Structures are given as structure tokens and as C-alpha cells.
Amino acid sequence: MNRRRFIAGLGGAAAWPLAGSAQQPMRRIGVLMGYDESDPDAKAQLSRLISGLSELGWTKGRNLGLDVRWAAGNVDCARMLAKELVELQPDVILAHTTPLQRETRTIPIVFVTVADPVGSGFVASLGRPGGNITGFMLYGPMMGGNGWSF
């Protein structure tokens with residue numbers, strides 16, 4: 001799947017609620033959080049996600065199901081939870097932590113807060129990540145060194 005078609009599909013997801021007057025199907029998003037469930041910042045991030053989706057017409061429990069898993073900074077736990085999410089077959093997976101490319105090549109994955117997705121082997125390149133995975137870097141190229149030191 002090419003990146004443009006994938007991102008266009010995500011944009012189209014925002015239009016699902018507008019796609020007619022018939023009852024809309026329940027869509028599922030799997031969310032893998034790298035934090036502990038009791039972390040107030042992580043709870044706030046998840047709350048902002050739910051709020052943003054709601055503004056786009058996606059209401060948890062009505063036309064949206066969220067399967068949230070908390071890895072609490074444990075890599076082994078994250079791998080186990082990643083497998084669990086993939087088995088649930090959501091429409092898309094949001095990976096707050098290490099992307100799940102080892103677990104699925106078919107479910108679209110969007111990663112966030114990954115420092116070096118190319119160097120970590122998650123994507124082939126930033127311009128053309130390839131496969132079923134795309135996302136956002138923790139730091140953009142403009143934040144890198146420019147030869148100045150402070």
C-alpha cells in the first residue's frame with residue numbers, strides 16, 4: 001500500500017460519519033501506549049485523542065471502539081500487548097511506542113513519538129515509509145544541529 005493512498009484513507013475515515021444517513025458501522029482503533037496507565041500525561045494524551053476523534057464525528061461507544069493497552073515502559077509487555085491488539089483486528093492501530101510491524105503487515109499502523117523510525121528499521125524512509133506503517137517523528141529535521149553550539 002503506498003503512503004498517499006494510506007493517508008488518503010485516514011482522511012476518508014473522517015468522512016465516514018458523513019457517508020449517508022444509514023447507521024454507521026462500528027470502527028475500531030487499537031491503541032498501544034508506552035506509558036503506565038496511571039501516568040497523568042499519558043491519560044491526558046489519550047483524552048485529547050478521544051476528544052479530537054469526537055470533533056470529527058467519532059464517538060466512543062457509538063460508532064467507535066477503542067482498544068487501549070498500556071505497556072508501562074516494558075518492551076516485553078509491549079510486544080505481548082501488540083500481539084493482543086493485532087488479534088482483535090482493529091481497523092487501524094495507533095502505536096504510541098514501538099511500532100508493531102513485526103506483528104502485522106496488513107493492519108494500517110500509525111506511530112507517534114518515535115525518535116528515529118528509519119534508523120530503528122520501522123520504515124524504509126521518511127518520504128516513502130512503505131508497507132502498512134506511517135507516522136510522526138519525535139524530532140523533525142529542523143530541530144537538528146545547524147552547526148551552532150550553545
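This is a predicted model: local features need pLDDT of at least 70, side-chain atom pairs count only at pLDDT 80 or more; totals for chains, interfaces and linings use all residues.
Which residues of α3 are buried? They are A78, L81, A82, L85 and V86. These residues cover an arc of only 140° around the axis, so they lie on the same side of α3.

The face turned away from that buried side looks otherwise. There, α3 carries the exposed residues D76 and E87.

## Length of the helix

Helix α3 covers residues 75-87, which is 13 residues. How far apart should its ends be? At 1.5 Å a residue, α3 should span 18 Å.

N74 caps the N-terminal end of α3. A side-chain oxygen of N74 lies 2.9 Å from the backbone nitrogen of D76. D76 is also one of the exposed residues on the face turned away from the buried side.

Now the other end. Just after α3, Q89 takes a positive phi of about 55°.

Which side chain does R69 join by a polar contact? The partner is E84, at 2.5 Å.

Neighbours within four places in sequence aside, R69 is in contact with V31, L32, M33, L81, E84, L85 and L88. Among them, L81 and L85 are buried residues of α3.

Technical notes:
Residues are numbered from 1 along each chain as its sequence is written. Side-chain values use heavy atoms; hydrogens and water are left out. Helices (H or I, at least four residues) and strands (E, at least two) are DSSP runs, numbered from the N terminus. The expected span of a helix is 1.5 Å times one less than its number of residues. Buried means under 20% relative accessible area, exposed over 50%, partly exposed in between (1.4 Å probe, protein chains only). The arc is that of the directions from the helix axis to the C-beta atoms. A polar contact is a pair of N or O atoms within 3.5 Å; within protein, one must be able to donate a hydrogen and the other to accept it, and residues adjacent in sequence count only if both atoms are side-chain atoms. Contact means heavy atoms within 4.5 Å.
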